[in-house]
Amino acid sequence: MKFQGSQNYVATQDLMLAVNASITLKRPLLVKGEPGTGKTMLAEEVAQSLNMPLLQWHIKSTTKAQQGLYEYDAVSRLRDSQLADVEGSERVKDIHNYIVKGVLWQAFTADRPVALLIDEIDKADIEFPNDLLRELDRMEFFVYETRDLVKARHRPLVFITSNNEKELPDAFLRRCFFHYIRFPDAETMKQIIDVHFPGLKRELLTAAMKTFYDVRNLPGLKKKPSTSELLDWLKLLVAEDIPLEALQSKDDKVSVPPLVGALLKNEQDVTLFEKLVFMQRHNR
């Protein structure tokens, strides 16, 4: 199995090498990068390219590692035991009926190899990665309620994404192959835009990219606009038929672009940008 990119996802050479290294080493691929750089989409595209089913586990602040393995629904069993007739009592006696399989269990017992995405692992409690160490390393776990040992029939291709909100434990990092998706340079960004807007006029593309990078490079921004926000902005420019002149300033100075709310997402950044434009116009 080799990942060689796809029509819908512009993968750099080092990113393809990272995916294939993870496959060769049989280790999870830990992908970091700014929000909006395509970390989640990478797993989707690799799975589609390699013709593998994709299971996704989107992590929240309240997510526990145990939920990825299984959960014992004791409440339902108690309710059923109280309401059960003679026939229903047989169901209550079998605890297997109240074991809810998690995403990892599904991945381990799938009929063929699958891709597994553990998305935004840094959102969870700091102990979350440590709690998954043994399962991801040995590809097995024990179900205490039923005394069953669940072993992986096929090793899944595991993708783990992080936005760097929390540091991950060293022991967990040792078991992963790591790749940081750098923000695309201008040439790579053009390739990404061509995938999503193949018919975009070159003049509009050039002006939009200049404006985007002017905004992004403004020092002091609380949240820099990402690739996904650039694509949203271009979609709006095309949908609203914004003229090219609206993106160009006669004196080549920075100006407030139309629909700037697609790029800047908080009032501090908008205010900062407006101050810069004001200062430039008054040569201060």
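Which residues line the largest cavity? Here are some notes to get you started.

1. Before anything else, this is a predicted model, in which local features need pLDDT of at least 70 and side-chain atom pairs count only at pLDDT 80 or more, while totals for chains, interfaces and linings use all residues. Residues are numbered from 1 along each chain as its sequence is written, and side-chain values use heavy atoms, with hydrogens and water left out.

2. To answer the opening question, the lining of the largest cavity is made by Pro28, Leu132, Leu133, Leu136, Phe172, Arg175 and Cys176. A cavity here is a set of points, on a 1 Å grid over the protein atoms alone, where a 1.4 Å probe fits but cannot get out, and lining residues have an atom within 4 Å of a point. The structure holds one cavity of 30 Å³ or more, and the volume of the largest is about 30 Å³. Volume means the space filled by probe spheres set on the points, with grid points joined across faces, edges and corners.

3. Helix α7 (residues 128-138) gives the most to that cavity lining, three residues. Helices (H or I, at least four residues) and strands (E, at least two) are DSSP runs, numbered from the N terminus. Sorted by class, the cavity lining has six nonpolar, no polar and one charged residues. For these classes, Ala, Val, Leu, Ile, Met, Phe, Trp, Tyr, Cys and Pro count as nonpolar, Asp, Glu, Lys and Arg as charged, and the others, Gly among them, as polar.

4. Now for the largest pocket, which has about 570 Å³ of space. A pocket is an open set of points with protein on both sides within 12 Å along at least five of seven lines. Its lining takes in 32 residues, and Tyr9, Gly36, Thr37, Gly38 and Lys39 are the ones nearest the centre. Two or more lining residues come from each of α1 (13-25), α2 (39-49), β9 (177-181), α9 and α11, with α9 giving the largest share, four residues. The pocket lining splits into 13 nonpolar, 13 polar and six charged residues.

5. Next, have a look at α9 (residues 186-196) and α10, whose axes come within 12 Å and cross at roughly 125 degrees. Axes are lines fitted to C-alpha atoms, for helices over the stretch in contact, and angles run from 0 to 180 degrees between N-to-C directions. The two helices are therefore oblique to each other; under 35 degrees would be roughly parallel, over 145 roughly antiparallel, 65 to 115 roughly perpendicular, and the rest is oblique. In α9, Ala186, Met189, Lys190, Ile193 and Asp194 meet Arg202, Leu205, Met209, Phe212 and Tyr213 in α10, where contact means heavy atoms within 4.5 Å. That contact has seven nonpolar, no polar and three charged residues.

6. Helix α10 (residues 202-216) also packs with α11 (residues 227-239), at an angle of about 135 degrees and with the axes 11 Å apart. On the α10 side are Ala208, Thr211 and Phe212, which meet Leu230, Trp233, Leu234 and Leu237 in α11. By class, this contact of α10 with α11 has six nonpolar, one polar and no charged residues.

7. Finally, α9 and α11 have axes that come within 11 Å and cross at roughly 50 degrees. Met189, Ile192, Ile193 and His196 of α9 make this contact with Thr227, Leu230, Leu231 and Leu234 of α11. The residues in the contact of α9 with α11 are six nonpolar, two polar and no charged.
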